[in-house]
Amino acid sequence: MTRIAVVGLGYVGLTLSVALAKKGVTVLGYDREPRVVGALQTGRPHLYEPGVAEELPALLEERLRVVPELPREPVDGAVLCVSTPVDPVTREPVLEPLRDAARAVAAAFDSDTLVVVRSTVPVGASRAVVLPELVARWGRARLAFCPERTIQGQALRELEELPQIVGGLDGPSRDAAAALFRRLTSRIVPVSSLEAAEMVKLINNCHTDLIYSYGNEVALMAERFGLDPLELIRAANLEYPRPDLARPGFVGGGCLSKDPYILIESARAVGHEPWLVPRSRALNEHLPRHVARRFLELLRETRGGLEGGRVLLLGFAYKGWPPTDDMRGAPVLPMLDVLRGAGLALRGHDFLVAREVLAGLGVTPASLSEGFAGADGILVITDHPEYAKLDLPALLASLRKPALVYDCWRVLDPEAVRAAGEVRYASIGYG
Ligand SMILES: NC(=O)c1ccc[n+]([C@@H]2O[C@H](COP(=O)([O-])OP(=O)(O)OC[C@H]3O[C@@H](n4cnc5c(N)ncnc54)[C@H](O)[C@@H]3O)[C@@H](O)[C@H]2O)c1
């Protein structure tokens, strides 16, 4: 496995290309978006992922070639890392990009090429969508499913550290895929079929959605009881030898906002209506709107009305840690649907999301000092570690009092907030 084509150069394909090239594999990276190809060819990644911008220029001169079309040059393997979104209205998986990618691979290469599906897909899609495209052209195929399970912000490290699940159409396909990923990690987990590997990926992500949703359920109940959810959860977990409760918080991102729908559709296709997966997703999708409404209620109480108020929103990416610029499934988006209609002036700040993106959402981009100055309300939406290090006495002194600080992830010191005088502190389910 010395020459590999990577199809789709987003977060998954680009990090995989860089990781493989660093290990001495010759990589041909292809994306159908000219914007993506153009940026990468000049060594400037179109997305933020730690390590990529640093490694890319040297690799481009050596083993990594970014191309606008798949050249008809033999490769040992082709890894499909294309988008597999769900339809925004029906939530049904959209598999055309995957089918197109398989067709392009079949047209460019030959039947000796191992094809690896790495995009997250419905159970059965490698066999039902990718395989027919290959067989139609080649008569036979070598096919594997090897899910990506890294977290954005630590992908290059996790590609080498996480066990790699490998499922094959047959034994030789599985072994060839295992040999490819052994270039990256020593921990290969072979499973019995393509479908088993596809399902492992989905149950991992839906489990995450589910356990976080329970922390959120606890927070929503605590809010009604007038209890502090964090106090409850910390006490419940302390030295208790059963599974830990999760802290409340937003569950977003490109994957968790869609993979539950992919598992739901997969289950329905075989006659099982899932019980938990849809409810967890619904609860996690409810939370940002709930928080935005609660923020408005508290702000109204604090200053006796909303009209003419100024609010600073901190954190536009879908998460703060590990830091990312990715806004897919970001909680701020549904929050803005609620906040926009309230007659408030909205300013915003993010350490990585570009100012133009904030402006495009109808929010005035601001530095931290500009944003705090004269604000009536601060809504900290992500747990970006730099927000925990703010010079609170100085920034809070510049608020228009009485003011509200709503700190979704409890990254600020509540005592320091209250010490500012006439500043109310609240969080998800608290205050
Ligand atoms: N982002 C993550 O951390 C992550 C983690 C695990 C799994 N996944 C899964 O991996 C897949 C890719 O995710 P991503 O975050 O990299 O998406 P992305 O949107 O960042 O990148 C996908 C890229 O594929 C390109 N593309 C789409 N169709 C193509 C085609 N037919 N030919 C060539 N290029 C094509 C797009 O232009 C885009 O640049 C998805 O299935 C996703 O669910 C993502």
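A: 5 of the 5 residues of strand β13 (residues 403-407) are buried, so β13 is largely enclosed by the rest of the structure. Buried means 20 or more other C-beta atoms lie within 10 Å of the residue's own; 12 or fewer is exposed, in between is partly exposed, and C-beta atoms are placed from the backbone. Strands (E, at least two residues) and helices (H or I, at least four) are DSSP runs, numbered from the N terminus.

Q: What kind of model is this?
A: It is a predicted model: local features need pLDDT of at least 70, side-chain atom pairs count only at pLDDT 80 or more, and totals for chains, interfaces and linings use all residues. Residues are numbered from 1 along each chain as its sequence is written.

Q: Which residues of β13 point which way?
A: Ala403, Val405 and Asp407 point one way. Leu404 and Tyr406 point the other way.

Q: In what sense do β12 and β13 pair?
A: Strand β12 (residues 377-380) pairs with β13 in the parallel sense, over 4 bridges. Two strands pair if DSSP finds at least two bridges between them. Leucine 379 stands opposite tyrosine 406. Valine 380 has aspartate 407 as its bridge partner in β13.

Q: And β14?
A: Strand β14 (residues 423-426) also pairs with β13 in the parallel sense, over 4 bridges. There, tyrosine 425 is the bridge partner of valine 405.

Q: Which helix lies between β13 and β14 in the right-handed unit?
A: Helix α17 (residues 414-419) makes a right-handed β-α-β unit with β13 and β14. Right-handed means that, with the strands pointing away from the viewer, the path from the first strand over the helix to the second runs clockwise.

Q: What is the strand order in the open sheet?
A: The sheet has 6 strands in the order β11-β10-β9-β12-β13-β14, with parallel pairing. Its edge strands are β11 (364-365) and β14, and each pairs on one side only.

Q: Which strands does helix α12 touch?
A: Helix α12 (residues 276-303) packs on the sheet and touches β12, β13 and β14. A contact means two C-beta atoms, placed from the backbone, within 7 Å.

Q: Back to the loop. Where is proline 402?
A: Proline 402 is in the loop between α16 and β13. It counts as partly exposed because it has 15 C-beta neighbours inside 10 Å.

Q: What does proline 402 touch?
A: Not counting residues up to four places away in sequence, proline 402 touches Thr302, Arg303 and Glu422. Its C-alpha atom is 5.8 Å from that of valine 423, 21 residues apart along the chain.

Q: New topic: the ligand. Which helix gives the largest share of its shell?
A: That is α4, with 4 residues. Helices α1 (11-22), α4 (96-108) and α10 (253-256) each supply at least two.

Q: Last one. Which residues of α11 are buried?
A: In helix α11 (residues 259-269), they are Asp259, Pro260, Tyr261, Ile262, Leu263, Ile264 and Ser266. Their cover includes α8 (194-225), α10 and α12. After α11 comes glycine 271, with a positive phi near 85°.

How values were computed: Axes are lines fitted to C-alpha atoms, for helices over the stretch in contact, and angles run from 0 to 180 degrees between N-to-C directions.
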